[in-house]
Amino acid sequence: SPVVEEELSAGDSESIEIDDPCPADLASTRRPYCRDVIQSGGTGPDMVVLPMGSFGMGSDVSAEESPAHNVDIAYHIAVSAYEITAGEFAKFCTGTGVACPDSVADADAPVVSVSWNDATAYVEWLSASTGFTYRLPSEAEWEYAARAGTDTPYVFGDEITPSAAHSAENGTFDSPVSKGDRIVNRNNFRLYHMSGNVREWVRDAWYPGHNGAPGDGSARVNADEERRVVRGGSYKDPASKLRSAARESLPRTHRDEVTGFRVVREIRQ
């Protein structure tokens, strides 16, 4: 039977048997964590069920981030607590026969050298393997999850400290940190590395600003659009790219050592 994990760490948790491992009411509990069972064996990513809410998206720092506008997330979603790891992505590679990137030796480190198309293929496989709908977050959902109720430039306030992000702002690094490394604090929604570590693909096609952006959390998707949005900055980036409103574009087929992704799981309301 599917289970809800009371803690993120395996072997240290009590389990509650329920029909849906990630119900909406988990959002109002002290430990809103869950995992889905993968049909071929094992479990999916560690997920956190988020509360509904509204927030101010964007900023006046640049034209690409403006106009700032209100977004209502009037539905529950679960967001992966960490970026998808190399080990999690390897399950997809094994299940589908596709070649995995060989740039990450640590199974608990974020998978990198994955394109937007690769990330999309992963969530389609994960949906089919669990029976629940997974996808990339919309740009609005990503910023809502990153801000976690804050309206400051960064997830943790007005400046980037060593405990706020694994980034070039506080040193020179040659790799991201793994999910077991606690050098960086989680945000108010219990999500790790929403700033720094690796930048993350989101679902949206690239638009050079927020004019015409929907206010309901949905993505702006154009199947013919060759550029997609990445968010959050990486371990090689300075503070300017770590702001909650900062956004960049990349070709959807682009792969590099600083780009990965996290996932959203839709909640049956």
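Biologist: How much space lies in the largest pocket?

Modeller: Rolling a probe the size of a water molecule over the atoms shows where empty space is left. A pocket is an open set of points on a 1 Å grid over the protein atoms alone, where a 1.4 Å probe fits, with protein on both sides within 12 Å along at least five of seven lines. Here the largest pocket holds about 150 Å³, the space filled by probe spheres set on the points. This is a predicted model: local features need pLDDT of at least 70, side-chain atom pairs count only at pLDDT 80 or more, and totals for chains, interfaces and linings use all residues. Residues are numbered from 1 along each chain as its sequence is written, and side-chain values use heavy atoms, without hydrogens and water.

Biologist: Which residues line the largest pocket?

Modeller: Lining residues have an atom within 4 Å of a point. Among them are Trp-116, Thr-120, Tyr-134 and Arg-203. Helix 2 (116-130) gives the largest share, 4 residues. Helices are DSSP runs (H or I, at least four residues), numbered from the N terminus.

Biologist: What follows helix 2?

Modeller: Gly-131 does, with a positive phi near 85°.

Definitions and conventions: Helix = DSSP H or I, 4+ residues; strand = E, 2+ residues; numbered from the N terminus.
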